[in-house]
Amino acid sequence: MNLPILTIITFLPLIGVFFILFNKGEEERVGKISFHVSLLTSLLVFVLSLFLWFSFDKTISSFQFVEEKKWIIDFVKYKVGVDGISILFVVLTAFITPICIVATYNSVKFRKKDFFIALLVMETMMIGVFCSLDLFLFYLFFEAGLIPMFLIIGIWGGIRRVYAAFKFFLYTLLGSVFMLIAIIFIYMQTGTTDVEALLALDIPVQYQYLLWLGFFASFAVKTPMWPVHTWLPDAHVEAPTSGSVILAAILLKMAGYGFIRFSLGLFPVASDFFSPLVFSLSIIAIVYTSLVALVQKDMKKLIAYSSVAHMGFVTIGIFAFNSQGIEGSIFQMISHGIVSAALFLCVGVVYDRMHTRQISDYGGVSNVMPNYAIVFMIFILASLGLPGTSGFVGEILVLIGIFKTNYLVAFFAATGVVLSACYSLSLYRRVCFGEITNDKVKVLKDMNYSEFITLIPLLILVILLGVYPNIILDTISTSVENLVSVYNGKIATFNNCLLYTSP
């Protein structure tokens with residue numbers, strides 16, 4: 001394909017930003033025009049991402065649609081491409097963004113023009129992360145995405161928005177400083193930051209451990225892993241609905257993708273060595289944050305803590321080092337991106353009517369909002385991993401993968417499934433069932449047209465991926481099998497060298 005499709009998909013949102021910037025006039029009129037421009041732009045990006053997916057050759061494990069040219073300075077190249085793993089995250093980002101834009105129209109009351117600009121800039125940065133085939137380029141996109149999210153939380157967030165925005169920014173920026181140092185060291189040692197070239201090289205084992213920790217410091221915060229997860233509940237609670245959707249659906253997945261692409265790909269020996277550390281932190285995250293979610297009084301905070309627990313499954317599956325575990329982790333990230341986005345949108349539906357997220361203020365919602373109760377129930381069941389929904393497929397694959405690697409880790413991970421059912425069903429019962437004790441609940445109106453538009457596509461995907469998961473698995477299987485094969489080969493070579501050099 002001669003068309004630079006990845007560059008177009010990545011930077012097309014900035015063209016939308018260009019048109020919005022020159023849109024002037026009354027604030028209400030400017031807001032409507034900005035909405036239509038951003039929605040049209042994001043839908044076009046989504047259509048192009050589908051075209052990219054349909055044109056992708058699933059039988060090839062190498063990167064496709066590769067574009068390469070010198071950029072800024074000699075050692076920073078503009079090189080982009082996708083394989084079976086990254087292409088799905090590009091499609092997910094392009095799918096979630098227009099939903100966020102539609103959901104924003106009624107919830108954001110001021111400076112809509114600036115909000116839509118921030119969303120479109122964020123889309124460019126997120127897609128750039130998943131397409132980058134140069135370490136410096138990856139870092140630039142990875143960190144630049146902090147700025148629009150910082151503004152979204154800090155300007156359009158809740159009462160404690162400034163605190164939450166700075167906490168989010170400082171946590172994630174501090175962790176990424178260590179990754180930048182590691183990238184510079186890699187360039188000094190190898191003379192390249194080209195990801196394809198680095199994946200073909202064997203980085204000396206004596207360097208892998210510190211380099212792995214440098215990348216881990218960044219990815220652990222962004223995932224987020226225990227104990228550096230505390231910024232996430234604050235960010236979710238204070239962010240507007242669309243900000244929470246983007247944060248949960250896409251931003252958290254950038255770190256999971258980084259673990260697969262760089263931690264396993266570039267530092268296999270160090271990944272094997274530090275896997276007990278990852279398992280320990282992931283188990284603590286699953287059990288501890290699930291217990292914390294059980295006692296939450298704020299709906300958003302409960303879903304935020306559940307996200308930490310679900311991402312614990314992701315990191316366990318990645319470091320199982322087998323096809324089932326890694327495929328399960330990728331599927332879990334895609335599913336969680338859809339389900340968590342839907343749950344935050346569901347919270348937004350009732351919050352726009354009641355202006356409270358306290359669970360105790362609700363009860364009996366199903367009596368006055370039956371359509372909402374049905375939709376909310378399906379997403380709750382998907383979150384707890386009910387068979388027939390997308391949430392089940394990722395969790396069962398991760399459990400199978402880790403069971404092959406470590407029985408004890410599999411046991412503790414399985415407790416997370418039980419705890420997930422406890423806090424998810426408890427939330428649904430307290431919000432939707434029981435008698436109506438709050439007079440404000442009695443006058444609630446069911447979902448409107450725009451709310452249906454945002455939630456129905458997510459609902460269809462949750463069921464479709466649960467019934468026919470091969471939509472995802474067929475795309476990722478070849479790339480995952482190649483990743484596992486290369487990883488096992490490098491570990492075997494390292495072990496043979498140890499055996500040969502031992503006295």
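How much space lies in the largest cavity of this predicted model? About 100 Å³.

**View A. The largest cavity, centred on His 310, His 336, Val 339, Ala 382 and Ser 383.** These five residues lie nearest the centre of the cavity. They belong to a lining of 15 residues. Helix 13, helix 14, helix 16 (370–383) and helix 17 (390–405) each supply at least two residues of that lining. Helix 14 gives the most, with 6 residues. By class, the lining has 10 polar residues, 4 nonpolar and 1 charged. In total, 4 cavities of 30 Å³ or more are counted in the model.

**View B. The largest pocket, holding about 850 Å³ of space.** Its lining takes in 35 residues. Closest to the pocket centre are Ser 107, Pro 240, Thr 241, Tyr 351 and Asp 352. Two or more lining residues come from each of helix 3 (86–107), helix 6 (146–156), helix 10 (231–238), helix 13 (299–318), helix 14 (323–354) and helix 20 (449–467).

**View C. Helix 14 at the pocket lining.** Which element gives the most to the lining of the largest pocket? Helix 14 does, with 6 residues. The lining of the pocket as a whole divides into 15 nonpolar, 10 polar and 10 charged residues. Helix 14 is also the leading contributor to the lining of the largest cavity, again with 6 residues.

**View D. The largest nonpolar core, a set of 186 residues.** Ile 96, Phe 215, Phe 376, Phe 379, Leu 455 and Leu 458 touch the most other members. Helix 14 supplies the largest share of this core, 17 residues.

**View E. Phe 376 and its contacts.** Phe 376 is one of the core residues that touch the most other members. Which residues is Phe 376 in contact with, leaving aside its neighbours within four places in sequence? They are Leu 343, Cys 346, Leu 427, Tyr 428, Val 431 and Cys 432.

**View F. Confidence along the predicted chain.** The protein chain averages a pLDDT of 88. A score of at least 70 is reached by 98% of the residues. Where is confidence lowest, and where highest? Strand 2 (residues 73–82) is lowest, at a mean of 80. Helix 16 is highest, at 92. Helix 16 also supplies at least two residues of the lining of the largest cavity.

Key. Residues are numbered from 1 along each chain as its sequence is written. This is a predicted model: local features need pLDDT of at least 70, side-chain atom pairs count only at pLDDT 80 or more; totals for chains, interfaces and linings use all residues. Side-chain values use heavy atoms; hydrogens and water are left out. On a 1 Å grid over the protein atoms alone, a cavity is a set of points where a 1.4 Å probe fits but cannot get out, and a pocket is an open set with protein on both sides within 12 Å along at least five of seven lines; lining residues have an atom within 4 Å of a point. Grid points are joined across faces, edges and corners, and a volume is the space filled by probe spheres set on the points. Helices (H or I, at least four residues) and strands (E, at least two) are DSSP runs, numbered from the N terminus. Ala, Val, Leu, Ile, Met, Phe, Trp, Tyr, Cys and Pro count as nonpolar, Asp, Glu, Lys and Arg as charged, and the others, Gly among them, as polar. A nonpolar core is a set of buried Ala, Val, Leu, Ile, Met, Phe, Trp, Tyr and Cys residues joined through side-chain atoms within 4.5 Å. Buried means under 20% relative accessible area, exposed over 50%, partly exposed in between (1.4 Å probe, protein chains only). Contact means heavy atoms within 4.5 Å. pLDDT is the predictor's confidence in each residue, from 0 to 100.
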